Amino acid sequence: MPTSERIAELIRAYADGPRLLDQALEGLSTEDLHFAPGPEHWSIHENVVHLADTDLVAAARMRYVLAEPGATLVGFDPGRWAVGMAYGAQPLGASRALFRAVRESTAALLSRVPEPAWEQAGMHTEAGAQTLEYIVQYYVEHVQYHLRTIAKRRRQLAER
């Protein structure tokens, strides 16, 4: 079972996602946000929309694990979502607001979860059993991955 210190650190790191994303986007123009080094790469804008969408999925998964342990957690194809929902055309401000709201609401929920519930799990359709602790950690790391991608796009912008 995760310790209270581990849980507190996970919640802090999870809740910090919007602040970190805001920092990563500082000073970028609309043109910068839409730059992609090639058709197979997402722009910064598309990365942000993706973060908002995946956080909706993650928040639902966490709630299923808490309310219905053993529930099915459905996987999805991020590339198909990006095309099917035209990530590049989505309003960036709305995606940022959604990301922030989902993180704030879910962090508040997580702060009230008893320690034993962090071991409850759902069954992911592609990856098998996933505990609440695993899901929160995964989405903390997911933001870090996309922050590195945003930093890479910023470097690519500076080099062109």
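I worked from a predicted model, where local features need pLDDT of at least 70, side-chain atom pairs count only at pLDDT 80 or more, and totals for chains, interfaces and linings use all residues. Numbering runs from 1 along each chain as its sequence is written, and side-chain values use heavy atoms, with hydrogens and water left out.

**Fold.** I found 7 helices and 3 strands in the chain (DSSP runs: H or I of at least four residues for helices, E of at least two for strands, numbered from the N terminus). Their order is α-α-α-α-β-α-α-β-β-α. The C-alpha trace spans about 50 × 30 × 25 Å along its principal axes.

**Cores.** The core has 20 residues, and Y14, M62, L110, W118, L132 and V136 touch the most other members. Helices α1, α4, α6 and α7 each supply at least two of its residues. The biggest share, 5 residues, comes from α7. Another core lies apart, with 17 residues, including L51 and F99.

**D32.** I then checked D32, in helix α3 (residues 30-34). Which side chain of opposite charge is nearest to D32? It is R160, 4.6 Å away, and D32 has no salt bridge (Lys or Arg side-chain nitrogen within 4 Å of an Asp or Glu carboxyl oxygen; Lys and Arg count as positive, Asp and Glu as negative, His and chain ends not counted). Beyond neighbours within four places in sequence, D32 is in contact (heavy atoms within 4.5 Å) with G27, I44 and L157.

Technical notes:
A nonpolar core is a set of buried Ala, Val, Leu, Ile, Met, Phe, Trp, Tyr and Cys residues joined through side-chain atoms within 4.5 Å. Buried means under 20% relative accessible area, exposed over 50%, partly exposed in between (1.4 Å probe, protein chains only).
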